[in-house]
Structure formats: C-alpha cells, structure tokens
Amino acid sequence: MELKEKLVSSFMAFEDTVDVHSSIHDIRTEAIKTFETEGFPTKKLENWKYTSLSSVLKHDYSVFPKNENALEFKDIKKYFIHEIDAYKIIFIDGKYSSHLSQTTHDGLDVCLMSAALTKPKYKVIIDNYFNKIASKDGLSSLNTAFSYEGAYINIPKNKVVDKPIQIIHFSTGNEAALMLQPRNLIVVNENAHVQIIERHQSLTDNPVLTNSVTEIFANKRAIVDYYKIQNDRQSASLIDNTYVNQKQESLAKVHTFSFGGKLTRNNLNFYQNGERIDSTMKGITIIGDKQHVDHNTLVHHIEPNCESHQDYKGIFDDNATGVFNGKVVVEKLAQKTNAFQANNNVLLSDKATINTKPQLEIFADDVKCSHGCTIGQLDESAMFYLRSRGIPEKEAKALLMFAFSNTVLDSVKIPELKNRVTKIIAKKLGVNLGFDL
Amino acid sequence: MSKYTEDDLREELKTKEYEYGFYTDIESETFPVGLNEEIVIAISKKKEEPEWMTQWRLEAFKVWKEMEEPEWPNVSYQKPDFQAISYYSAPNSKPKYDSIDEVDPELLATFEKLGISLEEQKKLAGVAMDVVVDSVSVATTFKETLAEKGIIFMSISEAIKEHPELVKKYIGTVVPQKDNFYAALNSAVFSDGSFCYIPKGVKCPMELSTYFRINQAGTGQFERTLVIADEGSYVSYLEGCTAPSRDENQLHAAVVELIALDDAEIKYSTVQNWFPGNAEGKGGVFNFVTKRGLCENNAKISWTQVETGSAVTWKYPSCVLKGDNSVGEFYSIAVTNNYQQADTGTKMIHLGKNTKSTIISKGISAGKSQNSYRGLVQISPRAENARNFSQCDSLLMGNECGAHTFPYIEAKNKSAMIEHEATTSKIGEDQIFYCNQRGIDTEKAIALIVNGFSKEVLNKLPMEFAVEAQKLLEISLEGSVG
C-alpha cells in the first residue's frame, strides 16, 4: 500500500485513540482532507524542483507507534549537551519518556503537546495559537492531522528562562521502519527570553522519516533563540517545517546545523507582523556520500522598519546534493526594510551538486535588499600558506572550512553548544584538532 | 555607414524595381483568422517554400497542439485567443495616413525627442511613403557591399529558397520546434525574419540591422531570425527600434537562433519599444520571445537588450556554451512603467571546459509595474573551470511597483566559480537634492541617475543605438515621479 493511502486510512483509527479538545478534531479532519488532495509534494512543484521524496517514501513505515520503548540514559548521554543544566523533553519513538525528561510548570510551561491538547486549562492558548501559522500544504497538513505529541512551551511575560530547553527525539529501531510526526508549539510572551535546542536521533539503521511541524510565536520584544542539530544516521530522513510569527520589536534566530541524515528538508518561514522586528536564520551544511540537504526559507516582511538576515554556508563532498531556496518578500507597506541574504557554497567533489535559488520579491521602494550567492573552491593560496607552514593537507583543509563557516558559528550564544557543533564538524571532516573557537 | 543616408536608400529603392516581386501583386492579403493545418500549409505555399519546410512547419504545429501555454512566468494577463489571430499578412501598400498632420501629435512629440528625422517619422508612423514595412522584411540594405565579402543577409523566406542547404542545416538546431509553447507556434507559422551568414574568417564591416514593425491591427507577428557566424568570423547585429509602435494587443512570438562556430563572435543588440498599453494598462503588445545562441570552441555570444515597451514581456536570451573556452554575455536593461510587466533574464548553460559567462541585468520599475529577473546558470559535470558572474540590480520608483529576482544556480562541477549578487534600491532623496541644488530639475535628475544606473549596459550598445537608448530611458520614465 502506498504511504499516502496508508496514512489516510489510519487516520480514523488514530482519531479514535486520542481524546483532545473538540475543536482539534475539526482541524484534524480538515487537515487530512487537505493532505488527501495535496498528497506528498513532487518535483513538479516549484518549491520541490530539486528535491524528490520518492526515495524516502518507498518504505513501509509504521505510521503511529504503539509500544513504549525505554532507553538507558548512559546509552544516549552523548546526544545531549550534557555539560549544561537544561530542561529536557525527550521522546522515544514518538512517545514521551518521563524518566529521561525534565519538564516544569513552575513559572513557565515546558511540557507536552498531548497535555496541552487535552487539558482544559490550556484550551485558550491552543485556540489562540495552534495551527494558526502552519501553512496548508500537504506535509504540514499531514502533520496537523496526526498532531498529538511534541513539545509545548509557554513562556510568560517578562520571564527570562534560566537554562536552555533541549528537545530530543530518539528512534530505537524496534519498528522496521518508522514515521514520526512531532508537533511543537512554542509561545514566547512579551519581554520573555528562551533558548531551545532541537535534535532528532535514530539509534539503528532502520529507516526513519520525521515530518515535524513547529510553530513559534514571538510576541512583543520577545527573544527566541532556536538551534537545530541535524546529525542523524544516514538511514534517517527529516522534513522540518518551522513557522515563526513575530510581533513588534521581537528578535528570533534560528540556526540549523545539517551534517547528517539521508534527506533533510528544512522549510523555515518567518512572518513579521509588527514593526522593528529582527529575524535571523543561519545555517551550516556539511555533507558527503549521497546525502541531500535542502534549505527552503521564506521571510515575509509585512510591516515597516524590520530587518532580516540570512547566512547559509554549505560544503558538499562525494555525491551530495545541496539546495538553497531562499525567498524574501517585502510587502508594499514594509518600507525601510533591510533584508540580507547570503548563501556561500564549496564543492569538494565533481559529483556533488549545488542548486541555489535566492529570490527577492519586492513591492516597496524605500528598502535595502540584497542577496549574494557564491559557489567556489577553497582558496589555493591560503591552502599553500598553511601547507608551507607544516600543516598537513587534511588539517589545512579543515581549518579553511572552519574559517568559512565561522560567521555562523560565531553567533551561537551557548558556548557548550558551540563546542559541540565544532566537535561534530571536526569529526565530520575527519580531523582531530583542538580548535580554539 | 555615415555616408549612406536614408535619402540614398529611398532613392535607391525608388529607382529599383521592387525586388521581392511575388509580394507586389498582393494587396494587403491577410489570411482568415484561426489556426489549423491548412493555414500552416497555406502560409508555406504562399511563401513558395520547398516541401521539407512545409513538413517542418507541420511537425511544429503538431507539437504545438499538444502543448500548454506556460503559467510559470511572474506575469498575469489575458491569455491570447490563438484562434482569433490572423497568421499571415503581406505588406500593405495602403498607408495609414495620407499626411503627417493626421498622425497623433503625442507620437510625433516622442519622435521629436528621440531625434528621429522627419522622413523616418513618416515611415514609422505609417504615413504614405515609398517603403512600408510589415511582417515581410524589405530593406535588406547594403546588400552589395556585403555580397562582396560573401556575407549573406536576407529575409529568411528568401534564404529558404536561395540557400536551402544552410537553412536546413541550422534551423531549429538551437531552438527546436518543441522547445516551448511559443517557439513551437512560431516554428509552425513564422511569417518572415532575417537570415544572416558570415563566412569563415570574415569580419562583417558594418552593423547589420533590421527594423521590425507591427503594422496591421490584429496581425500576429512571428519573426524568425537565424544568424550563423562561421569559423573565425565576427558580426554585430541590431534588432528593433527605439521609436514606439502604436498598435494594440498584438501577440509577438519571435524566435532568434544564433550559431557561433569555432572562434566566431556574435554581438546581438536589441532595443524594444512596442506599445506598452496606455496609462490604465489597456492594450499593449505581448512579447513572448525565445532567443538562444550556441557557442562552439572559443566562440563568443553577447546579448545586449534594452526593453522599454510591451505590456507583457517574457524573454530569456540564452547561451549554450558547448565548446571549450566559449564565452557568453548578457547585458540587459528592462524598464517597466504604468501597468507593464516584464519577466526577463537569461540562461547560461555551461557544457564545455573553461567557459565563462557574465550577466548584468538592470531592472527599473515605476508606476504600477512588475519587473522580474529570472535567470539560470547551469554548470554541467564536465564543464571544468567554468566561471560565472551575475549581477542584478533593481531600481524602484514609487511604492506601487514591484521588483523580483528569481536566479537559479545549478552547479555540478567542483571547479566552478559562481558569483551572484542582487540589490534593490530607490533613487535617494539626497541624490535628487544634490542635482536640484545645482540647477537640474527633478525630471532631468532622475534621467541622469537612471542613466548612471544603467551605464554598464548602455556602454555595450553600438554607438548610435546607445544615444537613442539613453533618450528612450528618459521618455519611458517621464512622469513616473510626482
């Protein structure tokens, strides 16, 4: 049976098992209908021109897990940023793992989507925020239809969260092939500040497909720092749909570090509903083998005096394929917008491919918008400089690549996380250097 | 070139028998509207084409029937009804006006500003003259000088008869019949166009030019141009005309094919100023053009275009850099005002080794217009050391227009060096103030700034064209700033 039919036919069964606010049922039913008409995106869609899902959709995924699986902390400790104290929301095969997690309701809500969707006290927030900004395309609708579990984070007014929040999804491989659909809702109220780290990790080589939707609301003067670490096994694929709605004077940053996975697609959308907003999206992609990473970004400038910054670096080796499709829309009202978009790529092999399409759509005249995009190689003279000082080729190469991606690493605000990413990069490049970065 | 004036040409044509005899007995013959196989055969017959050409057209028509009109360009317009167009019209010997006094004074004022001579004004406005031009190209001037060098420059229908081996060998090789909807349509029904062949090692001594004109209302214009530069040759080709044409709602679907063989160079310059519709956006020409050039080893093709007219423009002059060390260039200025829409850009397909391409695109949008740049740079896995530089700048005037950029970059070779940059800006108040302060009024100041903004492209135009194009920019933007 095709995955699409399987999902549609499992929907009824799924609906029976969950008990949520009644309004959610309508949203779900609507969403499954949309998915039924839209289906999975194909290469015929302009936004999917360079990414084909056919290779990841062919597996016979079990679409919603039944069994609870347990893991020992010592086995998975390395996937945490364990040097720091953090709130943790841990899922194993899509199920919440209470003994690994550390949640709170003390002054802020760091808890579960399933709780928010069922308990009456969250109903107001769910009514106001749930599924309000997620787009109605096939994949997001599919997630909405099956939305039940994920992280629910609500930071009240004037609260600066004392430590970062880590959201980690593990898959154990107990199912032959697993499809996960986590749904996250993050509401950051006035003047509040939060840092979130998200990671998806499979523990065996059984195929996993994650179709995740995250809705983030940054209200007045809120600060949101969101980090995505994508360093999964090459049997796992990830479709990440993130929607950020910003109110006036808020600041939202999303960093995406893509090193692993078979196919990774990041749909990152920012909507600026207010003045003097700052949006930042940065990413480092280092992949090889037959990996495929696709960054699809959108910044929608709706009101005046806002800024957006995009900086994506990519290094592609072997048969890897990289896609960057960045779009900046500046509405008529959004005068005095400053929008910058940069995408720099290095190809290391003749079989690697990069497709990039930085788009600008501008309807206002008093704006400063620019985009730059380059594809090139490492500088030979810089290479020679390092080699002539006794640094071996591999290390020299790695040093140059670190320098190349440093503009992105520099803006990571959690030092431990920065160290971790640096280590992952070093490992990915096959070097063992103690970079003091 | 300077010695040979229009008067000479007129004189020459007057004293000569009208060469293209088979047209003379046709008094404004226009085919019935609609398109079917019979019409295609009839066009072919009318032009006394050989059998292979008729078949070629029919093949194209067959493909066209299966195709759908493209939806992807960033423009919206009322789709033309292809069955409501007449697909053939020969020159009409009846003038539109009997004397220049009957011509719209506004149009004459524009001519005046462009510095077009009275005689030419008459011609362009369709006043009774010796030469009236329509789909059938007439003034293949300077033919003798060219013939000495062995250069063939004639209308394509003549070429089909006189040099069938060349036409047969090259037509459709760069833009195949089934390339796209409009190319297929053009292949089936093309009325006429130009053919140019530069023999081995010859540098064409003059700029070759054709002035296309759209004359009869309701006549679709389907030009077909084929330029072949044989090994080591050079040609500079001008197309278009700075003077405005005033006919309404006409579909223009031209195809231009350039072939630059080893070590050859082709420079192709276009100035397009068809009727853009009135200030409310009514009427205006639809300009859907397929232009493509093929470069063999060490060859170079350079496209330069100034686009100011047409209600809807949809045009991507491209280069296929097939040979090693070949070079492709694209320089473009696209100006849109009022309700005009332009979706234009280029494609650079790098196939050979050490190929280079440069793209400079300047978009200027004013009024309620929409101006898009859409470009593709593709580096194939075998294209070692390919180099591309692209720059697209947009200038916005007023807050009701839009500027869009859709660059596609696909690199499959690690030695590729690609740079793309785009900026969007408006004319700074301080710039205007600076000019005002020095006694330059705002309108002139804007013209000055726009000219500066477009300089990189204007510089690439042949001399006389550049002067006219500069004035044209001023006129196109007149009244766009309150």
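Q: Is A:Lys413 buried, exposed or partly exposed?
A: This is a predicted model, and in it A:Lys413 is partly exposed because 13 other C-beta atoms lie within 10 Å. A residue counts as buried at 20 or more and as exposed at 12 or fewer.

Q: Where does A:Lys413 lie?
A: A:Lys413 is in the loop between helix H9 (393-409) and helix H10 (415-428) of chain A.

Q: And which residues is A:Lys413 in contact with, leaving aside neighbours within four places in sequence?
A: A:Gln195 and A:Asp225.

Q: How far is A:Lys413 from A:Asn174 in space?
A: Their C-alpha atoms are 36 Å apart, and in sequence the two residues are 239 residues apart.

Q: Which domains does the assignment give for chain A?
A: Domain 1 covers 3-273 and domain 2 covers 384-437. The C-alpha centres of these domains of chain A lie 30 Å apart.

Q: What does UniProt list for residues 174-404 of chain A?
A: The UniProt record, an unreviewed entry, lists "domain: SUF system FeS cluster assembly SufBD core" for that stretch. In the model, residues 174-404 of chain A are 9% helix and 59% strand, with the end C-alpha atoms 40 Å apart.

Q: Pick a strand in chain A. Is E4(A) mostly covered or open?
A: Strand E4 (residues 151-155) of chain A is mostly covered, with five of its five residues buried. On one side are A:Ala151, A:Ile153 and A:Ile155, on the other A:Tyr152 and A:Asn154, and all are buried.

Q: Which strand pairs with E4(A) in the antiparallel sense?
A: Strand E3 (residues 109-112) of chain A does, over four bridges. In this pairing A:Cys111 stands opposite A:Tyr152.

Q: Which strand runs parallel to E4(A)?
A: Strand E7 (residues 183-188) of chain A, joined to E4(A) by four bridges. The bridge partner of A:Tyr152 in E7(A) is A:Leu185.

Q: New topic: how many residues of chain A are in contact with chain B?
A: 31 residues of chain A are in contact with 30 residues of chain B. E19(A) gives the most to the chain A side, with ten residues. By class, that side has 13 nonpolar, eleven polar and seven charged residues.

Q: Which strand of chain B is joined to E20(A) by bridges?
A: Strand E20 (residues 417-426) of chain B, through seven bridges, and the two run antiparallel. One pair to look at is A:Ser370 with its bridge partner B:Thr423.

Q: What is chain B made of, in helices and strands?
A: Chain B has 13 helices and 20 strands. Of its 482 residues, 52% are buried. Among contacts in chain B with a separation of 6 or more, 84% are between residues 24 or more positions apart.

Q: Is B:Val235 buried or exposed?
A: B:Val235 is buried, since 26 other C-beta atoms lie within 10 Å. B:Val235 lies in strand E5 (residues 234-240) of chain B.

Q: How far apart are the C-alpha atoms of B:Val235 and B:Lys267?
A: They are separated by 6.3 Å, although the residues are 32 residues apart along the chain.

Q: Last one: how many residues does the largest nonpolar core have?
A: The largest nonpolar core has 226 residues, and A:Val188, B:Cys196 and B:Ala229 are among those with the most contacts inside it. Helix H12 (residues 442-458) of chain B supplies the largest share of this core, seven residues. Domain 1 (3-273) and domain 2 (384-437) of chain A each give the core at least three residues. In soluble globular proteins, nonpolar side chains tend to be buried together.

Key
Residues numbered from 1 in each chain as written. Chains lettered and ligands numbered in written order. Predicted model: local features only at pLDDT ≥ 70, side-chain atom pairs only at ≥ 80, totals over all residues. Contact = placed C-beta atoms within 7 Å. Domains from an automatic or database assignment. Nonpolar A, V, L, I, M, F, W, Y, C, P; charged D, E, K, R; others polar. Pairing = 2+ DSSP bridges. Core = buried A, V, L, I, M, F, W, Y, C linked by C-beta atoms within 7 Å. UniProt positions renumbered as here; feature names shortened; annotations may be inferred.
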